Amino acid sequence: MEKLNVSYYLSERLVSKIDERSGQRSGNRSRQVADDLGRFYDLLDAGLHAALEALTSDEIRSLISALKSQQIPSPVGVKSALMDIVKHPSITPKIAALDDIACFALWDWARTNR
């Protein structure tokens with residue numbers, strides 16, 4: 001994999017959390033950020049896969065349509081927000097059965113695939 005240089009700003013609070021985690025390992029902040037981002041996106045990928053497996057293509061279209069009609073930023077309680085917005089008898093129990101990571105991944109994916 002090609003190594004790319006990226007510059008970004010992190011809040012002091014976040015940097016101290018990263019330093020706490022990297023201090024337990026190598027002490028390399030850049031490596032810790034890369035590892036954490038890799039794990040985060042792996043979790044999102046697995047969650048989205050589980051969510052899309054649980055829903056039919058018609059249910060996915062209904063979900064995207066329901067989110068398109070709402071102008072809501074990603075809420076803290078994504079699972080309950082999805083169920084409140086969709087209000088569909090076949091989709092709501094499927095969303096309820098998903099974990100929080102899968103719901104967040106589904107919300108994020110559906111909002112970007114409008």
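In the predicted model, residue K87 is located in the loop that connects α4 (78-86) with α5 (92-97). The backbone of K87 adopts a positive phi of about 45°, although K87 is not a glycine. Most residues other than glycine have a negative phi. With a relative accessibility of 67%, K87 is classed as exposed, because the threshold for that class is over 50%.

Helix α3 comprises residues 57-68. Within α3, the buried positions are E59, I60, L63, I64, A66 and L67. These residues cover an arc of only 160° around the axis, which places them on the same side of α3. The exposed residues D58 and R61 are carried by the face of α3 turned away from the buried side. Packing of the buried residues of α3 involves α2, α4, α5 and α6 (100-112).

Four salt bridges are present in the structure. One of them joins E59 to K94, with the closest N and O atoms 2.8 Å apart. Since E59 belongs to helix α3 and K94 to helix α5, this pair ties together parts that are 35 residues apart in sequence. E59 is buried, at a relative accessible area of 8%, whereas K94 is partly exposed, at 27%.

Two further pairs are found in helix α2. The side chains of R31 and D35 form a salt bridge with an N to O distance of 3.5 Å. R31 and D35 are four residues apart in helix α2 and are therefore separated by about one helical turn. R31 is partly exposed at 48% relative accessibility, while D35, with a relative accessible area of 16%, is buried. In the salt bridge between the side chains of D36 and R39, the N to O distance is 2.9 Å. D36 and R39 lie three residues apart in helix α2, about one turn of the helix. Both partners are partly exposed: D36 has a relative accessibility of 21%, and R39 has a relative accessible area of 38%. An α-helix has 3.6 residues a turn, so residues three or four places apart point the same way.

Helix α2 (residues 29-54) also contributes to a nonpolar surface patch, giving the most to it, with three residues. The patch, of about 370 Å², is formed by L37, F40, Y41 and F104. Among these residues, F40 is found in helix α2 and is partly exposed, with a relative accessible area of 36%.

Notes:
Residues are numbered from 1 along each chain as its sequence is written. This is a predicted model: local features need pLDDT of at least 70, side-chain atom pairs count only at pLDDT 80 or more; totals for chains, interfaces and linings use all residues. Side-chain values use heavy atoms; hydrogens and water are left out. Helices (H or I, at least four residues) and strands (E, at least two) are DSSP runs, numbered from the N terminus. Buried means under 20% relative accessible area, exposed over 50%, partly exposed in between (1.4 Å probe, protein chains only). Patches are made of residues with over 30% relative accessible area and no salt bridge: like charges are joined within 9 Å, nonpolar side chains (Val, Leu, Ile, Met, Phe, Trp, Tyr) within 5 Å. Accessible areas come from the Shrake-Rupley method with a 1.4 Å probe; for residues, only the protein chains shown count as cover. The expected span of a helix is 1.5 Å times one less than its number of residues. The arc is that of the directions from the helix axis to the C-beta atoms. Contact means heavy atoms within 4.5 Å.
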